Amino acid sequence: MQLKYIFPIAIFIFAITACSKYETQYEGPYNDADNPNKIEYPHEVMVAEGGKVLLLDRKFNNKKELENTPPNVQKASINFAHDLIACWAPGQDIVVLDSNSVVQATVPNTAQVDWFDWHPNNQTLVILHDGIISLYGPDVDVVDTDLNDVFPSFSIEKKITCATVNSDGTVLFNYEFYSAGSYYNRIGIKQPVGQGLPFLIQELYPDLDVTWMRIDIEGNTIALGGPTNFGRITYVYDYLNFQLFDWGATQFFAFSPDGWGNLLFYNNTLEYSVSYGFYYNSTNAVTALDW
Amino acid sequence: MLAATALSAQAPGYVGKRIYLKADAHLSVSPGPTANNRGRTYYYGEEEASGDFALDTRFNLHAGMAYTRMNAITASVGYLKTGMSADAYTPSLLSSSPLFNSLDHHELFYNLKGIPVAIGHQWFVAKKGAIAPFGAYSMVSLQATFLKGDIIDKRTNDSVNGEPTTHARLGTNPKFTYWSAGFEFGRNAMFKDKLLVNYACFFNVPLQLGMVDRLLDDGDASDYPKYNQDDFEENAFFRMVLHGYFGFRIGVGLFVK
C-alpha cells in the first residue's frame with residue numbers, strides 16, 4: 001500500500017466512527033451509588049379501626065393516626081389523590097381532613113348519612129341519605145339524585161344502602177326490598193343518555209348484607225359487601241355483562257390505584273389479593289377501608 | 001576503518017535512530033455494539049436495530065527502542081471506549097420475606113472505557129531490508145486493559161406490577177482487567193530521516209481462558225449480587241475478545257534519537 005493512500009483512508013475511517021451523543025431509549029444513565037436502595041411510599045391506605053382513622057403506606061410498615069377526627073368514626077373515605085379524608089361518626093357531621101390531620105371542612109346536615117364516597121374529581125363528596133344523593137364540593141354531572149324510583153310498586157322494606165357517582169355522571173348504587181314473597185338485593189346503575197341502557201340491574205345474593213361500596217378509579221368495577229359477606233361485580237358500559245364473584249369471608253375490599261394487587265381485609269388481617277408478604281393485623285374492629 | 005565499519009554494522013538503530021515515539025489507532029470491524037450503542041447490535045435488538053457498520057477503535061501512545069540491529073522493545077498506553085449490554089437481577093424491594101423472593105430484572109447498556117497498557121517485542125525482517133526500528137517487522141505483546149463501565153441506559157422489569165423504578169442496588173463494581181496477547185505484522189516507514197509512519201495488521205487472543213467456562217455457566221440469578229458482578233465481568237471479557245480480535249493499526253510519530 002502506498003503511503004499517500006493511508007492518511008485519506010484514516011481520515012475516512014475516523015469520520016465514520018466519530019462519536020455521537022447517545023439518545024436514551026429507556027430510563028437513562030444509572031449510578032448504583034446514587035440508588036437509595038429503598039422505596040418510600042406515601043400514606044395512601046385508609047383504615048377506620050377502633051373509631052380512629054389510620055393511614056398506612058402500601059407496605060403497612062408506616063402507620064399514621066389522623067388527629068382532629070370525630071370520636072368513634074364508623075365510616076370514612078379517602079379520595080383517589082390521597083390528600084383528603086372524609087370521616088363520620090354517628091350523630092355528627094362529616095369532617096373532611098387533609099392527610100396532615102388539618103380540618104378542611106365540616107359538611108353541614110350530615111349527622112344522618114347512609115353512605116358517602118369521593119367523586120373521581122378528588123374534590124366532591126357524594127353523600128347518600130334516604131335514597132337521595134347530595135354533593136359537597138364542586139358541581140359534577142349526576143344522572144339522577146333521587147334513587148327512590150327504582151323500587152317496584154307494592155314493595156316493602158325498601159333500602160338504598162350505598163351509592164356513588166363516576167366521572168361521566170353514572171350513578172351506581174345498591175338497593176334492597178321485599179316484594180311478592182321474596183327479598184331482593186340488587187346493584188342499580190343509572191347511565192347517561194347515549195351510554196346504552198339507561199338503567200342496568202344486577203341481582204345479588206339476597207343475604208348479602210351490603211354496608212359499603214367502592215368503585216375503581218375508572219368507575220367500571222364495583223366492589224361491595226358487608227361485615228360477613230363479600231361480593232364483587234364487574235360491568236362493562238353499553239353491555240349488560242356482569243361478572244359476580246362472591247368471596248364469603250372477606251369483610252372489606254379496596255381497589256388498587258395502579259397495577260398493584262387490590263386490598264382485602266378478613267380475619268382481622270389486611271393483605272393484598274396477590275401475595276407480597278405484607279400484612280397488617282388490626283387490634284380493634286375495622287369499620288371502613290379505602291385506598 | 002575496518003574496525004569502525006564493523007562496529008557500525010553491529011550497532012542498533014537505522015541512521016543512528018534507535019528510539020521512536022508514535023501515536024496510533026487500532027481499527028477493527030466491530031461485531032458488537034460500540035460506545036453509545038452504535039454499530040451492528042443495538043440494545044437487545046430493539047428500537048430500530050440497524051446493523052450499521054462500525055469500527056472498534058483504540059488510540060495509543062507508543063514508544064519503541066532498538067537494542068540490536070533486528071530487535072526492539074516497545075511499550076504503549078492507550079484509551080478505548082466501546083459498548084456492551086448486560087443483565088442484572090435484584091430482589092424486589094417489595095419482598096418482605098424470603099418466601100416472596102421475587103427478582104427485578106434489569107437490562108443494562110454500558111459504555112466501557114479502558115486503559116490498555118502493553119509491552120512488546122519487535123523482530124525486524126533483515127531480508128526485507130529492515131534495520132530496527134525501521135522497516136518491516138513482526139511483534140508480540142502482552143496487554144492488560146483496565147476497564148470501567150458506566151451504565152448509560154437501563155430498563156427495569158419489576159417483578160411486581162406498580163412498583164416504582166426504584167429498586168435494590170445492583171451491587172456491582174463495574175471494573176475488569178482484561179489480559180491478552182497481541183501479534184502484529186507491520187512496517188515503520190521513515191521520511192526525511194525523522195518522521196515515522198506505521199501501518200500494520202494485528203490480532204489479539206485472550207489469556208484468561210477460565211472466563212470461557214464462566215461464560216458457558218448461566219449462573220444463579222438469585223445469588224445476588226455475585227451474579228451481577230459475574231455477568232458484568234463475563235460480558236466485558238467477551239466484548240474485549242471481540243474488540244480488536246483482528247484489525248489494522250495506523251500511526252505517525254518521530255524517530256527521536
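The paragraphs below walk through a surface patch and several charged pairs in chain B of this predicted model.

We can begin at the surface, where Val29(B), Phe53(B), Phe185(B), Phe203(B), Val205(B), Tyr245(B), Phe246(B) and Phe248(B) form a nonpolar patch with about 740 Å² of accessible area together. Strand E9 (195-206) and strand E10 (246-255) of chain B each supply at least two residues of this patch. Another member, Phe185(B), belongs to strand E8 (residues 175-191) of chain B, and with a relative accessible area of 46% Phe185(B) is partly exposed.

Next come the charged residues. Side chains of opposite charge can pair when their charged atoms come close. Over all chains, the count comes to 22 salt bridges. One of them joins the side chains of Glu184(B) and Arg249(B), with 2.5 Å from N to O, and this pair links distant parts of the chain, since Glu184(B) sits in strand E8 and Arg249(B) in strand E10, 65 residues apart. Glu184(B) is buried, at a relative accessible area of 3%, and Arg249(B) also counts as buried, at 5%.

A further salt bridge, at 3.6 Å from N to O, brings together the side chains of Arg214(B) and Glu234(B). Arg214(B) lies in helix H2 (residues 210-216) of chain B and Glu234(B) in helix H3 (residues 226-242), so the pair ties together parts that are 20 residues apart in sequence. Here Arg214(B) is partly exposed, with 26% relative accessible area, whereas Glu234(B) is buried, with 10%. Through salt bridges that share partners, Arg214(B), Lys226(B), Asp230(B), Glu233(B) and Glu234(B) are joined into one network.

Methods: Residues are numbered from 1 along each chain as its sequence is written. Chains are lettered from A and ligands numbered from 1 in the order in which they are written. This is a predicted model: local features need pLDDT of at least 70, side-chain atom pairs count only at pLDDT 80 or more; totals for chains, interfaces and linings use all residues. Side-chain values use heavy atoms; hydrogens and water are left out. Patches are made of residues with over 30% relative accessible area and no salt bridge: like charges are joined within 9 Å, nonpolar side chains (Val, Leu, Ile, Met, Phe, Trp, Tyr) within 5 Å. Accessible areas come from the Shrake-Rupley method with a 1.4 Å probe; for residues, only the protein chains shown count as cover. A salt bridge is a side-chain nitrogen of Lys or Arg within 4 Å of a carboxyl oxygen of Asp or Glu. Helices (H or I, at least four residues) and strands (E, at least two) are DSSP runs, numbered from the N terminus. Buried means under 20% relative accessible area, exposed over 50%, partly exposed in between (1.4 Å probe, protein chains only).
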